Amino acid sequence: AEDLGTRARRLGQNSCDDAGQMGRIAAQYHILPQSAVDALAGDFPAKPHWIFRLEVTPCPLPSLRGRSPASAALIDALRANPQIKHSLQWCRDNWVSDALIHGDFKLENFLTAPSEADPGHQTLRLIDWERADRGDPAWDVGCGFGAFVIHRVMQKSGDALGAALPEMRAFWTAYSASRSGCDSAFLDRCIAMMAARLLVAGYEYCFAQDDLPDLSLALMQLAETVISLEGQAEIAATLARPCKQAA
(Lines give C-alpha, C1' and ligand atoms only; values in the text may rest on other atoms or scores of the structure.)
Protein backbone atom coordinates (compact mmCIF):
# COMPACT_ATOMS: atom_id res chain seq x y z
CA ALA A 1 0.00 0.00 0.00
CA GLU A 2 0.98 3.63 -0.49
CA ASP A 3 -0.44 6.68 1.24
CA LEU A 4 -2.00 9.34 -0.94
CA GLY A 5 0.42 12.03 0.20
CA THR A 6 3.41 9.99 -0.92
CA ARG A 7 1.71 9.10 -4.19
CA ALA A 8 0.72 12.70 -4.89
CA ARG A 9 4.32 13.82 -4.40
CA ARG A 10 5.58 11.00 -6.61
CA LEU A 11 3.12 11.73 -9.42
CA GLY A 12 2.97 15.49 -8.89
CA GLN A 13 -0.83 15.55 -8.59
CA ASN A 14 -3.87 14.07 -6.90
CA SER A 15 -6.53 12.04 -8.66
CA CYS A 16 -10.13 13.22 -8.85
CA ASP A 17 -11.15 9.56 -8.53
CA ASP A 18 -9.24 9.32 -5.24
CA ALA A 19 -10.79 12.61 -4.10
CA GLY A 20 -14.24 11.21 -4.81
CA GLN A 21 -13.47 8.06 -2.82
CA MET A 22 -12.26 10.23 0.07
CA GLY A 23 -15.57 12.09 0.03
CA ARG A 24 -17.62 8.90 0.05
CA ILE A 25 -15.57 7.44 2.91
CA ALA A 26 -16.06 10.58 5.03
CA ALA A 27 -19.81 10.50 4.40
CA GLN A 28 -20.00 6.84 5.43
CA TYR A 29 -18.87 7.43 8.99
CA HIS A 30 -20.45 10.88 9.32
CA ILE A 31 -23.90 9.34 8.80
CA LEU A 32 -23.46 6.64 11.45
CA PRO A 33 -26.44 6.75 13.83
CA GLN A 34 -25.90 7.94 17.38
CA SER A 35 -26.36 4.40 18.70
CA ALA A 36 -23.47 3.15 16.57
CA VAL A 37 -21.18 5.94 17.79
CA ASP A 38 -22.16 5.23 21.42
CA ALA A 39 -21.39 1.53 20.85
CA LEU A 40 -17.76 2.44 20.12
CA ALA A 41 -17.40 3.27 23.82
CA GLY A 42 -14.81 5.87 22.97
CA ASP A 43 -13.76 8.47 25.52
CA PHE A 44 -14.57 11.36 23.20
CA PRO A 45 -13.81 14.84 24.58
CA ALA A 46 -16.28 16.40 22.10
CA LYS A 47 -14.48 19.73 21.83
CA PRO A 48 -13.28 21.79 18.86
CA HIS A 49 -9.73 21.59 17.49
CA TRP A 50 -7.13 23.71 19.29
CA ILE A 51 -7.08 26.26 16.44
CA PHE A 52 -10.57 27.33 17.55
CA ARG A 53 -9.66 27.55 21.25
CA LEU A 54 -6.94 30.21 21.23
CA GLU A 55 -9.17 32.73 23.00
CA VAL A 56 -10.96 30.48 25.50
CA THR A 57 -10.15 29.31 29.02
CA PRO A 58 -8.46 26.93 29.51
CA CYS A 59 -6.54 27.56 26.30
CA PRO A 60 -3.56 25.75 24.73
CA LEU A 61 -1.53 28.94 24.19
CA PRO A 62 1.42 28.23 26.51
CA SER A 63 2.22 24.87 24.91
CA LEU A 64 1.55 26.14 21.38
CA ARG A 65 3.81 29.17 21.75
CA GLY A 66 6.50 27.12 23.48
CA ARG A 67 7.28 24.85 20.53
CA SER A 68 9.70 27.27 18.84
CA PRO A 69 10.23 31.00 18.22
CA ALA A 70 8.51 30.59 14.84
CA SER A 71 5.56 28.83 16.48
CA ALA A 72 5.12 31.69 18.93
CA ALA A 73 5.37 34.25 16.13
CA LEU A 74 2.69 32.52 14.06
CA ILE A 75 0.28 32.13 16.98
CA ASP A 76 0.73 35.81 17.84
CA ALA A 77 0.17 36.77 14.19
CA LEU A 78 -3.09 34.78 14.06
CA ARG A 79 -4.40 36.39 17.24
CA ALA A 80 -3.48 39.85 15.98
CA ASN A 81 -5.22 39.44 12.61
CA PRO A 82 -8.85 40.68 12.92
CA GLN A 83 -10.07 38.78 9.84
CA ILE A 84 -8.58 35.47 10.93
CA LYS A 85 -9.59 35.96 14.55
CA HIS A 86 -13.20 36.63 13.54
CA SER A 87 -13.32 33.56 11.28
CA LEU A 88 -11.93 31.26 13.97
CA GLN A 89 -14.44 32.59 16.50
CA TRP A 90 -17.26 32.10 13.99
CA CYS A 91 -16.21 28.48 13.48
CA ARG A 92 -16.07 27.92 17.23
CA ASP A 93 -19.49 29.52 17.78
CA ASN A 94 -21.02 27.39 15.01
CA TRP A 95 -19.26 24.13 15.91
CA VAL A 96 -21.66 21.20 16.35
CA SER A 97 -20.71 17.89 17.94
CA ASP A 98 -23.22 15.66 16.19
CA ALA A 99 -21.17 13.03 14.31
CA LEU A 100 -18.19 10.75 14.51
CA ILE A 101 -15.25 12.61 13.00
CA HIS A 102 -11.76 11.41 12.14
CA GLY A 103 -10.08 14.57 13.36
CA ASP A 104 -6.90 14.24 11.29
CA PHE A 105 -8.31 13.91 7.78
CA LYS A 106 -5.37 14.28 5.36
CA LEU A 107 -3.77 12.58 2.36
CA GLU A 108 -1.14 10.83 4.48
CA ASN A 109 -3.86 8.98 6.41
CA PHE A 110 -5.33 7.34 3.31
CA LEU A 111 -3.74 4.12 2.08
CA THR A 112 -4.33 3.02 -1.50
CA ALA A 113 -3.99 -0.58 -2.65
CA PRO A 114 -5.42 -2.87 -5.37
CA SER A 115 -8.97 -4.03 -4.64
CA GLU A 116 -9.25 -7.68 -3.61
CA ALA A 117 -12.34 -8.04 -5.80
CA ASP A 118 -10.82 -6.17 -8.75
CA PRO A 119 -6.98 -6.00 -8.73
CA GLY A 120 -7.09 -3.45 -11.53
CA HIS A 121 -9.00 -1.01 -9.31
CA GLN A 122 -7.43 0.95 -6.44
CA THR A 123 -9.33 1.26 -3.16
CA LEU A 124 -8.71 3.56 -0.22
CA ARG A 125 -8.59 2.88 3.51
CA LEU A 126 -8.64 5.66 6.11
CA ILE A 127 -6.21 4.94 8.95
CA ASP A 128 -4.88 6.60 12.14
CA TRP A 129 -8.03 7.21 14.17
CA GLU A 130 -6.28 8.34 17.37
CA ARG A 131 -7.87 11.83 17.09
CA ALA A 132 -11.37 10.52 16.45
CA ASP A 133 -14.04 12.43 18.34
CA ARG A 134 -17.69 13.28 18.48
CA GLY A 135 -17.53 16.54 16.58
CA ASP A 136 -18.39 18.66 13.58
CA PRO A 137 -18.32 16.84 10.22
CA ALA A 138 -17.51 20.19 8.61
CA TRP A 139 -14.04 19.93 10.18
CA ASP A 140 -13.24 16.68 8.36
CA VAL A 141 -14.63 18.07 5.09
CA GLY A 142 -12.68 21.31 5.52
CA CYS A 143 -9.53 19.29 6.21
CA GLY A 144 -10.23 17.29 3.06
CA PHE A 145 -10.45 20.50 1.01
CA GLY A 146 -7.32 21.78 2.70
CA ALA A 147 -5.35 18.61 1.95
CA PHE A 148 -5.50 19.29 -1.79
CA VAL A 149 -4.53 22.95 -1.35
CA ILE A 150 -1.63 22.14 0.98
CA HIS A 151 -0.26 19.66 -1.57
CA ARG A 152 -0.34 22.36 -4.26
CA VAL A 153 1.41 24.84 -1.97
CA MET A 154 4.14 22.30 -1.27
CA GLN A 155 4.48 21.74 -5.03
CA LYS A 156 4.90 25.54 -5.39
CA SER A 157 1.93 25.84 -7.74
CA GLY A 158 1.45 29.45 -8.83
CA ASP A 159 -2.26 29.39 -7.96
CA ALA A 160 -2.47 26.66 -5.33
CA LEU A 161 -6.15 27.22 -4.61
CA GLY A 162 -7.17 27.28 -8.26
CA ALA A 163 -5.06 24.21 -9.04
CA ALA A 164 -6.71 22.26 -6.22
CA LEU A 165 -10.31 23.08 -7.20
CA PRO A 166 -10.87 20.02 -9.46
CA GLU A 167 -10.01 17.63 -6.61
CA MET A 168 -12.02 19.72 -4.14
CA ARG A 169 -15.05 19.57 -6.46
CA ALA A 170 -14.71 15.81 -6.88
CA PHE A 171 -14.49 15.38 -3.11
CA TRP A 172 -17.50 17.62 -2.42
CA THR A 173 -19.64 16.13 -5.21
CA ALA A 174 -19.13 12.61 -3.87
CA TYR A 175 -19.56 13.63 -0.24
CA SER A 176 -22.73 15.67 -0.74
CA ALA A 177 -24.26 12.91 -2.88
CA SER A 178 -23.69 10.41 -0.05
CA ARG A 179 -24.90 12.49 2.90
CA SER A 180 -28.07 14.50 3.29
CA GLY A 181 -28.08 17.99 4.75
CA CYS A 182 -25.17 19.33 2.68
CA ASP A 183 -26.77 22.69 1.99
CA SER A 184 -25.09 26.02 1.31
CA ALA A 185 -24.80 26.84 5.01
CA PHE A 186 -22.92 23.59 5.66
CA LEU A 187 -20.64 24.22 2.67
CA ASP A 188 -19.86 27.72 3.99
CA ARG A 189 -18.87 26.16 7.31
CA CYS A 190 -16.66 23.62 5.54
CA ILE A 191 -14.86 26.37 3.61
CA ALA A 192 -14.24 28.35 6.80
CA MET A 193 -12.91 25.15 8.39
CA MET A 194 -10.61 24.69 5.39
CA ALA A 195 -9.06 28.10 6.07
CA ALA A 196 -8.48 27.03 9.67
CA ARG A 197 -6.81 23.81 8.47
CA LEU A 198 -4.42 25.85 6.32
CA LEU A 199 -3.46 27.80 9.45
CA VAL A 200 -2.86 24.57 11.36
CA ALA A 201 -0.59 23.35 8.55
CA GLY A 202 1.28 26.66 8.67
CA TYR A 203 1.81 26.15 12.38
CA GLU A 204 3.04 22.58 11.87
CA TYR A 205 5.78 23.82 9.53
CA CYS A 206 7.08 26.11 12.29
CA PHE A 207 8.35 23.26 14.46
CA ALA A 208 12.01 23.72 15.45
CA GLN A 209 12.25 26.92 13.37
CA ASP A 210 13.55 30.27 14.58
CA ASP A 211 11.97 32.32 11.79
CA LEU A 212 8.58 31.96 10.16
CA PRO A 213 9.01 29.66 7.11
CA ASP A 214 7.90 30.97 3.73
CA LEU A 215 5.52 28.01 3.52
CA SER A 216 3.78 29.07 6.74
CA LEU A 217 3.40 32.62 5.51
CA ALA A 218 2.00 31.41 2.18
CA LEU A 219 -0.58 29.24 3.96
CA MET A 220 -1.61 32.11 6.20
CA GLN A 221 -2.09 34.38 3.19
CA LEU A 222 -4.15 31.70 1.45
CA ALA A 223 -6.33 31.34 4.54
CA GLU A 224 -7.00 35.07 4.46
CA THR A 225 -8.03 34.77 0.80
CA VAL A 226 -10.37 31.88 1.56
CA ILE A 227 -12.19 33.60 4.42
CA SER A 228 -12.73 36.86 2.56
CA LEU A 229 -16.34 37.26 1.46
CA GLU A 230 -15.35 37.23 -2.22
CA GLY A 231 -13.08 34.22 -1.83
CA GLN A 232 -15.60 32.14 0.09
CA ALA A 233 -18.42 32.92 -2.34
CA GLU A 234 -16.27 32.07 -5.36
CA ILE A 235 -15.12 28.76 -3.87
CA ALA A 236 -18.66 27.80 -2.87
CA ALA A 237 -19.99 28.56 -6.36
CA THR A 238 -17.24 26.50 -7.99
CA LEU A 239 -17.68 23.50 -5.70
CA ALA A 240 -21.45 23.49 -6.16
CA ARG A 241 -21.14 22.94 -9.92
CA PRO A 242 -21.62 19.35 -11.13
CA CYS A 243 -18.33 17.44 -11.38
CA LYS A 244 -18.20 14.78 -14.08
CA GLN A 245 -14.99 13.22 -12.72
CA ALA A 246 -16.70 12.33 -9.43
CA ALA A 247 -20.03 11.19 -10.88
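Helices here are DSSP runs of H or I with at least four residues, numbered from the N terminus, and the model to which they belong is a predicted one.

**Exercise 1. Describe the overall build of the chain and decide how its radius of gyration agrees with that of a compact globule.**

Solution. Begin with the secondary structure, which consists of eleven helices and five strands. Next take the extent of the chain, whose C-alpha atoms fill a box of roughly 50 × 45 × 35 Å along the principal axes. For 247 residues, a compact globule would have a radius of gyration near 18 Å, and the chain agrees because its own value is 18 Å. Finally, look at the contacts with a separation of 6 or more, of which 77% join residues 24 or more positions apart.

**Exercise 2. Work out which residues of helix 6 are buried and how they are arranged about its axis.**

Solution. First place the helix: helix 6 covers residues 82-93, and its twelve residues reach 16 Å from the first C-alpha to the last, close to the 16 Å expected. Then pick out its buried residues, which are I84, S87, L88 and C91. Seen down the axis, these buried residues fall within an arc of 95 degrees, so they line one face of helix 6. The face turned away from the buried side carries the exposed residues P82, H86 and D93.

**Exercise 3. Decide whether E167 is buried or exposed, and find the contacts of its side chain.**

Solution. Start with the location of E167, which lies in helix 8 (residues 160-178). The cut-off for buried is under 20% relative accessible area, and E167 counts as buried because its relative accessibility is 4%. Its side chain makes a polar contact with the side chain of R152, at 3.3 Å. Leaving aside neighbours within four places in sequence, E167 is in contact with N14, C16, A19, F148 and R152.

**Exercise 4. Identify the residues with the most contacts inside the largest nonpolar core, and follow the contacts of M168.**

Solution. The largest nonpolar core has 76 residues, and those with the most contacts inside it are I51, W139, F145, M168 and W172. Helix 9 gives the most to this core, with 14 residues. Turning to M168, and leaving aside its neighbours within four places in sequence, its contacts are F145, F148, V149, L161, M194, I235 and L239.

Note on methods
Residues numbered from 1 in each chain as written. Predicted model: local features only at pLDDT ≥ 70, side-chain atom pairs only at ≥ 80, totals over all residues. Heavy atoms only, no water. Helix = DSSP H or I, 4+ residues; strand = E, 2+ residues; numbered from the N terminus. Expected span 1.5 Å × (residues − 1). Buried < 20%, exposed > 50% of the residue type's maximum accessible area, 1.4 Å probe, protein only. Arc of directions from axis to C-beta. Core = buried A, V, L, I, M, F, W, Y, C linked by side-chain atoms within 4.5 Å. Contact = heavy atoms within 4.5 Å. Polar contact = N/O pair within 3.5 Å; in protein donor to acceptor, adjacent residues only side chain to side chain. Rg over C-alpha atoms; globule rule 2.2 N^0.38 Å.
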